[in-house]
Amino acid sequence: MVQLQADSLACQRGGRTVFTDVKFTLSSGQLLELRGPNGAGKSSLLRLIAGLGEAVSGQITLTGGNGDLSIGQQAHYAAHQEAIKAPLTVAENLKFWGDFLGGGDMAAALAAFDLKALADYPAALLSAGQKRRLSLARLALVPRLLWLLDEPTVGLDANSLDRLTRLLRGHLSSGGLAVVATHAPLDLIADATLVLGTAR
Amino acid sequence: MKLIWALIRRDLTLATRQGGGAGTAIGFFVTVIVLLPLGLGPDQALLQRIAPGALWIALLLSVLLSAERIFQADYEDGSLDAMALGVVPLELVVLAKAMAHWLTTSLPLAVVAPLFGFLINLDPQDILPLWLAMILGSIFLSLLAALGAAITVALRRGGLLVSLLILPFYVPCLIFGVAASRASELVQPSLLILTALVLASFVLVPVAAAAALRAYLK
């Protein structure tokens, strides 16, 4: 049983307190939905969990995962920046991340967001929504225990939204964990919703 | 090792598709070397005396030209975030990116640079030692450029700052590089010291640059 636990987390950015005393527990197969107005600290919390930020106080622990790896190394972090190289084709972008993250399943990644027809297209020519799909395809490319998604639905059409939901469902039913910050409610029953405070 | 090779290969592909690496650096280098005799006048003996030093200074400046971009693109498009979450330690990411910069910019520059020595009357018997010293020294130059790039990764227009931060560290490389570039009994010891500089930077630069990158990501 894998469990992600956060205890009395507090975060500051540039001297401003973003949130204090955030706590949650998430077990395998569960999805935590982060809600709150702009600037409430949803992205900061996701970065904290990934180990890309530093908490002022409190701690995050992952039990039952791979003890040799940090939480970040067992997680996918998908944010607004898409980590796509414009001069490379869609397939080359995926291949790089597959190789760099330790071997990926190209076919599954291309199929997950219906990118097969675009595989040999230079990423520079993709639309915003297509870029987002390519970026999210990383989730299907390399299996990882914890998914940290920062507004993954931005720019997606109805069909892709559906695919994202299906992908998330599959991930959860195979025992994965997910923390998703979103304004648009995903068509999923979130196991818990964490509402972060109002922006100051 | 396979994972690191994936990163180096990606950077090489990007460099060949985007251009701007070796081409710009070599163009700048040649411009400096062409302008030099025009500024100094046609004194053959004077040019021969300063040729190795002038070539080295032009090399240092040309390498720094592209230094600021080493990490910037990856930082801006979020690739660095994803790399920090990879199983590859950030130190090795730095090393891989520095090696990619060396292969795409510094090494081609060091290979062609001595050939342009004839423009400023370089003594032909100096060419071979100069070649060796520049190829060896260029590894050191790329590694330190990566350090400067890491320290200024989030700064807009940080290019000049990279030069100010890194040029002082290039001084030992310049001194021993020039000493190794004249056919004399100084060549061998100078090459050994250059090798020592390369090896030391191999160990120290990744640690320092990765620490700088981590500080920016937080």
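In this predicted model, helix α2 (residues 22-40) of chain B packs against helix α6 (residues 90-112) of chain B at an angle of about 40 degrees, and their axes lie 8 Å apart. Angles between 35 and 65 degrees are neither roughly parallel nor roughly perpendicular, so α2(B) and α6(B) count as oblique to each other. As for handedness, the crossing of α2(B) and α6(B) is right-handed.

Who does the touching? On the α2(B) side you'll find B:A22, B:A25, B:I26 and B:F29. Across from them, α6(B) brings B:T104, B:T105, B:P108, B:L109 and B:V112.

**Chain B as a whole**

Step back from that helix pair, and chain B turns out to have nine helices and zero strands. Walk along the sequence and the pattern reads α-α-α-α-α-α-α-α-α. The radius of gyration of chain B is 18 Å, close to the 17 Å that the globule rule gives for 218 residues, so chain B is as compact as a globular protein of that length. Its C-alpha atoms fill a box of roughly 55 × 35 × 30 Å along the principal axes.

How much of chain B is buried? Buried residues make up 46% of its 218 residues. As for contacts in chain B with a separation of 6 or more, 83% of them join residues 24 or more positions apart.

**Where chain B meets chain A**

The contact between the chains draws 21 residues from chain B and 21 residues from chain A. On the chain B side, α1 (2-18) and α5 (79-84) each supply at least two residues. Which helix gives the largest share of that side? That would be α1(B), with nine residues.

**A look at chain A**

Over in chain A, the mean pLDDT is 87, and 97% of the residues reach 70 or more.

| Element of chain A | Residues | Mean pLDDT |
|---|---|---|
| Strand β8, the lowest | 192-195 | 80 |
| Strand β6, the highest | 146-150 | 92 |

Is A:T17 buried, exposed or partly exposed? With 13 other C-beta atoms within 10 Å, A:T17 is partly exposed. A:T17 and A:R47 are 30 residues apart in sequence, and their C-alpha atoms are 16 Å apart in space.

Conventions. Residues numbered from 1 in each chain as written. Chains lettered and ligands numbered in written order. Predicted model: local features only at pLDDT ≥ 70, side-chain atom pairs only at ≥ 80, totals over all residues. Helix = DSSP H or I, 4+ residues; strand = E, 2+ residues; numbered from the N terminus. Rg over C-alpha atoms; globule rule 2.2 N^0.38 Å. Buried ≥ 20, exposed ≤ 12 C-beta atoms within 10 Å, placed from the backbone. Contact = placed C-beta atoms within 7 Å. pLDDT = per-residue confidence, 0-100. Axes fitted to C-alpha atoms, helices over the stretch in contact; angles between N-to-C directions. Parallel < 35°, antiparallel > 145°, perpendicular 65-115°, else oblique. Left-handed = near helix turned anticlockwise from the far one by under 90°.
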